[in-house]
Amino acid sequence: MIVIKHKPVSGGRFLAVGYNEDKIAKGIATLMAMENVSDELRCKVEALHCFGLDARAEIDRYLKDRSQTYGNSRTTRFQLHLSASIKGRTMSVKELTDFAHELMKRIGYGRQPYFVYSHHDTGNNHVHIVTTRIKPNGKAIPDHQDYIILNDYVNRILGSDISKDIDHMFSYDYETEGQFANIVRAHGYKLEKTADGYRLFKGGRECREYRR
């Protein structure tokens with residue numbers, strides 16, 4: 001799993017909205033989720049996308065309206081733009097979207113209006129997240145330690161999920177290594193034999209090593 005925080009944008013702009021909406025217009029992206037937004041905006045965006053139209057103006061306006069600082073902050077870097085990608089198809093788009101929701105909650109953006117787009121223009125499943133750093137009280141969410149915080153929570157989220165998966169895999173009854181390998185693959189993991197045991201991988205990352 002790789003999570004990237006894209007370069008901040010000054011001037012109170014949300015350039016990532018246009019970037020993702022362009023992808024939708026080209027048929028290589030899908031808006032997977034709109035969180036903490038009004039029913040009116042949701043209906044407008046869904047209707048525009050249904051007819052193949054661009055919703056960037058509506059989303060951009062909505063985010064700007066909800067990024068009023070009321071003099072509480074001098075920053076004009078309102079946009080937060082993240083992307084999360086996984087090697088190949090080892091996580092489905094839905095799983096990546098669920099991961100995006102969990103990540104936003106953990107880094108303090110769970111109540112912010114945000115949008116999750118899935119892109120299918122490469123061999124790797126990946127999603128983009130666009131939101132505002134400005135809270136309803138007009139203050140900006142600090143971002144000076146975002147890289148450290150993001151990496152920390154990515155490891156926590158994936159580590160927790162992997163532990164649950166491993167516990168579940170070992171709850172099955174199996175008699176041969178081949179049967180266990182099939183269980184491992186069914187859970188989206190890769191099993192690699194070693195000289196004295198085997199290792200489990202997911203998303204190209206080693207999860208655990210077992211010795212005989």
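This is a predicted model: local features need pLDDT of at least 70, side-chain atom pairs count only at pLDDT 80 or more; totals for chains, interfaces and linings use all residues.
Which residues of β5 are buried on one side, and which on the other?

1. Start with β5, which covers residues 126–132. On one side sit H126, H128, V130 and T132, on the other V127, I129 and T131, and all of them are buried. That gives a strand with both faces covered, with seven of its seven residues buried.

2. Now look at what pairs with β5. Strand β3 (residues 79–85) runs antiparallel to β5, and seven bridges join the two. If you want a spot to check by eye, take H81, whose bridge partner in β5 is V130.

3. β4 is also an antiparallel partner of β5, this time through six bridges. Here you can look for Y117, which stands opposite H128 in β5. β4 and β5 make a hairpin, with six residues between them.

4. Next, go to helix α2, residues 39–50. Its 12 residues reach 16 Å from the first C-alpha to the last, close to the 16 Å expected at 1.5 Å a residue.

5. L41, V45 and L48 are buried. Looking down the helix axis, the buried residues fall within an arc of 65°, so they line one face of α2. D39, E40, C43 and C50, on the other side, are exposed.

6. So what covers the buried residues of α2? The cover includes β2 (29–35), α3 (56–65) and β4 (114–119).

Methods: Residues are numbered from 1 along each chain as its sequence is written. Side-chain values use heavy atoms; hydrogens and water are left out. Helices (H or I, at least four residues) and strands (E, at least two) are DSSP runs, numbered from the N terminus. The expected span of a helix is 1.5 Å times one less than its number of residues. Buried means under 20% relative accessible area, exposed over 50%, partly exposed in between (1.4 Å probe, protein chains only). The arc is that of the directions from the helix axis to the C-beta atoms. Contact means heavy atoms within 4.5 Å. Two strands pair if DSSP finds at least two bridges between them.
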